[in-house]
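Subject: The structure I promised you

Hi,

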Amino acid sequence: MSILSSMLKKKQKKRQNDNYRQKQDPQKPEDLLILSDYKDNMARIKGEFGNSTDIVFREFKFGRKKGICVNVDGLTNQELISEFFMESLSVSDRDDNLQDSFQLLADKVVNLGNIQLITDWNQVYDALLSGNTLFFLDGYNHAINVETKGWEQRSITEPSTQLAIRGPKDAFTETLRTNTALIRRRIKSPNLWLESMKIGKVSQTDIGIMYLKGIANEKIVLEVKERLKGIDIDSIQGSGYVEQLIEDQAWTTFPTTYHSERPDVVTSHILEGRIALIVDGTPFVVTAPAIFIQFFQAPDDYYSRFDISTGIRILRILSFFIAVIGPAVYIAATTFHQEMIPTTMAIAIAAQRENVPFPAFVEALVMEILFEILREAGLRLPRAVGQAVSIVGALVIGQAAVQAGFVSPVMVIVVSITAIANFSTPSFAMAIAARLIRFILMGLATVLGFYGIMLGLMFMAIHLCSLRSFGIPYMMPLAPFNPRNQQDVFVRFPVWAMKNRPTFISKGNMVRTGENQKPGPPKQEENNQTSNGES
Amino acid sequence: MEKAKIKASQMFILVVLFEMGSAILVGLGVSAKQDAWISMLLGLAGGLLFFLVYYQLYKYYPTLPFTSYVQRIAGKWMGRLLGLLYIIYFIYLSTRVLRDFGELLTTTIYFNTPLIVINSLMMVIIIYAIHKGIEVIVRVGELFFGVIYLLAIVGFLLIIFSGLIHPEFLLPVLEQGWRPVFITFIRETIIFPFGEMVVFTMLLPYLNDHKKVKFACMGGMILAGINVTITCAINVATLGVDLFERSNFPLLTTIGKIQLANFIERLDVLFMLYLMIGCFFKISVFFYAAVVGATDLFQFKNHQKLSFPIGLIILLASITIASNYAEHIQEGLKVVPVYVQWPFQIIIPTLLLIIAFFRNRKKKTTSTP
Amino acid sequence: MMKKIFVIAILFLLLMPMLSACWNQKELTDLAFVMALGVDKGEHKKFDVTFQIVIPGNVSSGQNGEGQGLPIAVYTSSGDTLTEAARKATKKISRRLYYAHTNLIAVSEDIAKDGILDLMDALDRDPEFRTTTELVVTRNTPAEVLVSALANLDKLPVNKITKEIKSTEMMLGENMSINIDEFLAGLVSNGKEPILNGFIVKGDVEKASESEDLQHTKAVAILAADGLAVFKKGRLTGWIDHEKARGVIWILDKVKSTSVNVDWNGRKDAITMALLRSKTKVSVEIKNGKPIIHIVIKDEGWISEANTVVDLMSPSEIEKIDRLVEEEIKQQILASVKAAQKMKSDIFGFGERIHRKDPKLWKKLKRNWHDHFADLEVNVKVDSYIRREGIRTKPFWSDFNK
């Protein structure tokens with residue numbers, strides 16, 4: 001025991017030391033300042049970047065002073081620079097004293113956009129790598145930092161994951177600014193606040209936090225910010241990283257934050273009082289806090305009428321359950337509880353299983369794993385071929401397996417129904433959770449039949465009820481039951497009946513709609529119009 | 001004591017699930033034959049009466065669980081002893097329920113499986129739930145409340161549509177007079193399940209709204225009592241007195257008779273589903289009360305450390321308390337009510353109430369100058 | 001941290017035995033579905049038990065389309081108790097006998113006369129048996145023959161029997177569906193005696209279990225329901241057949257649709273009324289400390305056949321036919337009551353009704369109920385309504401002799 005623990009401790013120490021080495025050496029204060037001589041500055045930049053060929057230096061003359069203009073090619077909008085600065089630079093050519101030169105440069109020449117004066121080398125790198133342009137003038141230890149962001153980015157296209165039949169077809173892109181703009185366009189309120197921070201020691205990824213002041217819960221906002229500040233990792237490549245680092249509970253398969261590619265979904269979440277985390281470099285925006293029911297709501301629900309969306313939502317929840325317990329129920333019914341199956345069906349299944357060499361559990365397991373492999377393979381194949389191959393593969397392999405006598409047809413039916421039911425869950429994260437739980441329940445069903453399945457389900461229920469997402473119980477509003485919040489759970493109330501916002505997320509500003517919103521024809525006036533519409 | 005708060009509606013649901021838990025499963029009130037349902041109703045009335053005793057005690061000490069205020073009332077050492085006895089009592093009751101549950105499963109569906117396997121798996125789940133705390137337990141209760149009611153209504157409809165109910169089996173009413181009904185009432189139905197509300201004396205301090213205690217608990221008891229009575233009546237009406245007396249698990253036999261449209265039959269598994277949920281809650285509540293009591297009495301910081309040991313005790317005890325089913329039932333019907341249930345549920349709390357009443361009177365008289 | 005690992009490890013060790021063996025697991029291919037049980041008086045031992053086991057591959061319209069072999073296989077075994085016989089049968093059968101789908105239990109007349117009681121507890125106590133299993137008594141044939149016989153309309157012969165009982169209950173009313181529970185309830189109650197359906201194999205009994213039987217369009221051996229077996233104190237005392245049996249079923253309120261013939265104009269069985277609905281109410285009246293049973297039957301129907309000259313469009317004629325039908329039904333019911341009274345066996349449950357109505361009186365009559373039953377006064381009143389007469393008005397007979 002003690003040898004094991006001391007070995008573990010040694011490994012931990014070594015890892016910590018490695019981490020420290022990766023951190024930058026603490027800098028001496030003098031090194032932080034920009035030097036007066038522009039040539040020295042240039043040399044320093046070149047040195048730090050190792051003469052990277054995409055750092056562009058442009059020397060210019062301003063009056064009698066010389067200076068350089070530095071930017072990173074690819075991150076900046078070169079047209080901007082040549083049109084505005086270089087032109088205006090060449091125009092003014094006056095002879096003034098030291099102080100005014102710089103000021104003149106700052107005021108008159110660089111007449112575009114956000115201007116900052118910086119003195120710090122860290123800021124220099126920050127600025128350069130964000131796509132800004134820096135102007136160094138000889139003899140001054142300040143630099144002018146101008147925003148000139150402009151890089152190639154994907155245009156706004158259709159979302160690839162959450163599709164809606166009747167709804168807007170734009171999706172987020174990889175640029176933070178575009179995404180925040182998409183949200184701003186939909187909420188034209190000054191209360192929509194955006195705070196930014198940079199996370200990731202090496203990647204310095206921009207992260208934006210958007211929420212509606214007055215509707216979002218202040219405590220949750222603070223909590224989110226605290227957790228983000230506490231992230232100490234070298235890079236953030238996608239919103240998934242952020243999710244995993246700030247979620248409430250690590251040891252669970254259920255997602256406690258929601259992510260989406262669609263601006264309308266994120267907008268409606270913000271309007272309910274949630275907080276959106278936009279990560280630069282990925283089109284998936286994270287919203288927190290998240291509750292269980294949310295993962296069964298699709299954007300289509302809100303654009304159609306309430307009766308069809310209620311029906312389809314109930315169908316979705318039903319199919320989630322089928323996906324989770326399907327194979328397990330089949331195994332339990334055919335190996336433990338044969339009395340439950342109607343006689344004719346029992347005989348039919350028995351006839352099919354006569355030729356199968358494996359016990360039900362092995363059969364089910366093999367088929368399920370096969371399906372998972374097919375699904376995974378379908379993702380990797382090029383788009384044109386992928387769909388066809390996965391469907392055909394499933395059918396052919398299933399049919400061939402049946403004819404070879406490896407599996408029984410009933411098993412193929414069960415597995416395919418399960419797989420299809422799995423796909424009808426709108427959220428991918430929840431569907432994955434279902435896939436994993438399915439295997440555990442299958443194992444339990446093999447050992448103890450329905451009792452095992454019930455045990456597994458109870459365990460799942462206890463687990464779900466104990467989860468919290470940023471302080472909010474995960475199973476709201478089912479448990480704790482809150483009658484006022486039932487309007488969007490199983491049944492979707494018509495839009496004109498959803499009077500209040502969900503109380504568990506936002507604390508202030510409850511009312512969403514006004515009174516008397518139920519639509520109807522205008523009240524008939526007497527003696528004016530007959531029912532045929534003739535006056 | 002955990003820093004948890006429960007709403008009145010959650011307490012209500014917990015009471016209902018707890019009371020209904022295993023009451024529907026065994027043959028209750030069988031000695032009153034077709035008047036079993038009358039003795040059920042009497043039991044409900046009696047239980048409500050006793051609950052008032054617990055409620056009064058709660059009102060004197062609204063923030064303390066039973067094991068704390070018993071020390072205040074009966075003195076430190078006597079109180080501690082009583083507290084310990086009650087903890088053992090709760091452990092014993094949860095052991096009995098676990099044994100009942102295991103016996104049912106091994107008798108009907110899983111007869112080759114050893115009892116310890118079934119019991120231990122159930123205990124694993126329950127230990128996990130207790131570990132998470134009372135808030136999680138009530139939330140799970142809310143989730144399953146709907147499921148149970150759905151099951152009950154579906155079952156009820158199926159029984160009606162199978163044409164199984166013969167109301168004439170309930171006649172003649174009071175054939176042997178009130179005597180057997182009363183005897184059954186005193187011996188059985190008042191203490192099980194209604195007298196077991198004594199365990200809620202440990203849980204009432206969690207309620208966040210003191211005024212609603214009465215409504216939540218008594219309302220829950222009434223609802224559960226009505227459900228149990230209806231089930232009893234349906235059992236007799238479907239099976240007839242004689243089969244009702246002979247069945248170990250009358251409700252199971254009733255459900256086994258459902259036969260509809262040629263393919264809905266042998267729904268015993270439905271029954272097992274309901275049973276698992278009901279017993280889960282009953283065992284959890286007793287178990288939790290014991291854990292909280294022990295935490296309180298022995299001054300632990302949090303209850304989670306005790307959940308596993310006490311769970312293990314319950315598991316092992318459930319195997320050892322009786323060597324066969326007949327002994328288990330005999331214990332439950334003859335020995336336990338007289339020597340265990342009556343004192344713990346009725347006699348001791350009433351005595352405590354009287355003492356508390358006098359103490360408070362003294363306090364009032366001494367505090368007014 | 002270490003403690004946590006320790007605890008988790010202990011938990012896993014505790015759960016290990018769970019995976020080592022699956023005690024109650026039974027693969028479908030290891031089970032032999034027993035569809036029907038037949039019990040005869042044994043030669044050496046008490047019972048000779050016959051098991052009808054289904055061969056799944058030959059029953060389902062399978063995907064493999066294998067040869068249509070015989071759908072069932074029959075095995076016999078003997079023992080002093082049902083359990084013993086069942087266990088001994090494992091010496092002959094390669095699979096575990098599974099009773100959860102047993103729909104029929106056939107008992108031979110000999111066993112019904114003496115020994116059926118020794119079977120009942122095994123069937124009652126075992127959780128695997130269904131309580132809704134049909135119970136029948138075979139007449140003049142051993143139960144073995146019934147259980148081995150094949151049928152040509154239904155693949156599974158046991159389906160034939162159970163469906164037949166249900167359909168004849170619906171259409172004719174001379175038999176009714178009686179399962180184990182009802183039989184036991186009748187046995188135990190002292191205010192009622194149980195009845196069971198009788199079955200017979202008509203035709204060449206020897207050939208009943210051969211597939212040759214099915215090769216003819218007119219099967220050589222046919223399974224048929226035949227009468228009701230009356231029990232007294234747990235033993236078979238006699239049989240009731242034909243209309244008297246229907247009368248019994250009628251009093252028990254299980255007749256739904258049947259046909260009644262009446263004479264008209266001197267012609268026997270001229271007009272037939274087909275009943276659509278029938279409701280029977282039995283009530284007890286206590287007069288001078290003696291119980292009197294009133295049976296009131298209300299039924300509706302239509303005229304399915306009129307083989308004589310009669311004007312069916314005249315309401316008064318219809319009323320006359322109504323009266324005739326009522327009288328006919330009344331006679332049949334009274335005949336059934338008399339037949340049961342002769343056997344001194346209260347198969348109608350009149351005793352139970354008296355019990356419910358007047359418990360004190362019942363206490364007095366309980367002990368010798370059989371004798372009291374034999375002298376019981378029974379009044380029958382029938383209300384019959386003919387609603388329609390099909391799609392023709394007068395029968396063609398009215399025009400025939402003109």
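How many helices and strands does chain C have? There are 15 helices and 13 strands in chain C. Before you go further, keep in mind that this is a predicted model.

**Chain C as a whole**

The C-alpha trace of chain C spans about 100 × 60 × 60 Å along its principal axes. Of the 402 residues in chain C, 41% are buried. I also looked at contacts in chain C between residues at least 6 apart in sequence: 71% of these join residues at least 24 apart.

**The sheet in chain A**

Now switch to chain A and look for an open sheet of 5 strands, in the order S6-S7-S9-S10-S8, with antiparallel pairing. Which strands sit at the edges? They are S6 (192-199) and S8 (258-260) of chain A, and each of them pairs on one side only. On average, neighbouring strands in this sheet are turned by 25° against each other, ignoring direction.

In case strand pairing is new to you: strands of a sheet pair through backbone hydrogen bonds, either parallel or antiparallel. Here, S6(A) and S7(A) (residues 205-212) run antiparallel and are joined by 8 bridges.

Helix H6(A), residues 176-186, lies across S6, S7, S9 (275-279) and S10 (285-288) of chain A, and runs at about 10° to S7(A). Helix H7(A), residues 218-229, also packs on the sheet and touches S6, S7, S9 and S10 of chain A, but its direction makes about 175° with that of S7(A).

**Inside chain B**

Over in chain B, start with helix H3(B), residues 66-74. Its buried residues include Phe66(B), Tyr69(B), Val70(B) and Ile73(B).

Next, have a look at H5(B) and H10(B). They pack at an angle of about 50°, and their axes are 10 Å apart. The two helices are therefore oblique to each other. The crossing of H5(B) past H10(B) is right-handed. What meets what here? From H5(B) come Ile126(B), Ala129(B) and Ile130(B), and they meet Phe280(B), Ile283(B), Ser284(B), Phe287(B), Tyr288(B) and Val291(B) in H10(B). By class, that contact has 8 nonpolar residues, 1 polar and no charged ones.

**Where chain B touches the others**

Let's take chain A as the partner. Here 24 residues of chain B are in contact with 20 residues of chain A. On the chain B side, H1 (8-20), H5 (115-132), H6 (134-161) and H10 (268-297) each supply at least two residues. Which helix gives the most? That is H5(B), with 6 residues. This side of chain B has 16 nonpolar, 3 polar and 5 charged residues.

With chain C as the partner, 19 residues of chain B are in contact with 17 residues of chain C. This time H4 (76-108), H5 and H8 (213-246) of chain B each supply at least two residues to the side that touches chain C. The residues on that side divide into 6 nonpolar, 8 polar and 5 charged.

Key: Residues are numbered from 1 along each chain as its sequence is written. Chains are lettered from A and ligands numbered from 1 in the order in which they are written. This is a predicted model: local features need pLDDT of at least 70, side-chain atom pairs count only at pLDDT 80 or more; totals for chains, interfaces and linings use all residues. A residue is buried if 20 or more other C-beta atoms lie within 10 Å of its own, exposed if 12 or fewer, and partly exposed in between; C-beta atoms are placed from the backbone. Helices (H or I, at least four residues) and strands (E, at least two) are DSSP runs, numbered from the N terminus. Two strands pair if DSSP finds at least two bridges between them. Axes are lines fitted to C-alpha atoms, for helices over the stretch in contact, and angles run from 0 to 180 degrees between N-to-C directions. Two residues are in contact if their C-beta atoms, placed from the backbone, lie within 7 Å. Ala, Val, Leu, Ile, Met, Phe, Trp, Tyr, Cys and Pro count as nonpolar, Asp, Glu, Lys and Arg as charged, and the others, Gly among them, as polar. Angles under 35 degrees count as roughly parallel, over 145 as roughly antiparallel, 65 to 115 as roughly perpendicular and the rest as oblique. A crossing is left-handed if the near helix is turned anticlockwise from the far one by less than a right angle, and right-handed if clockwise.
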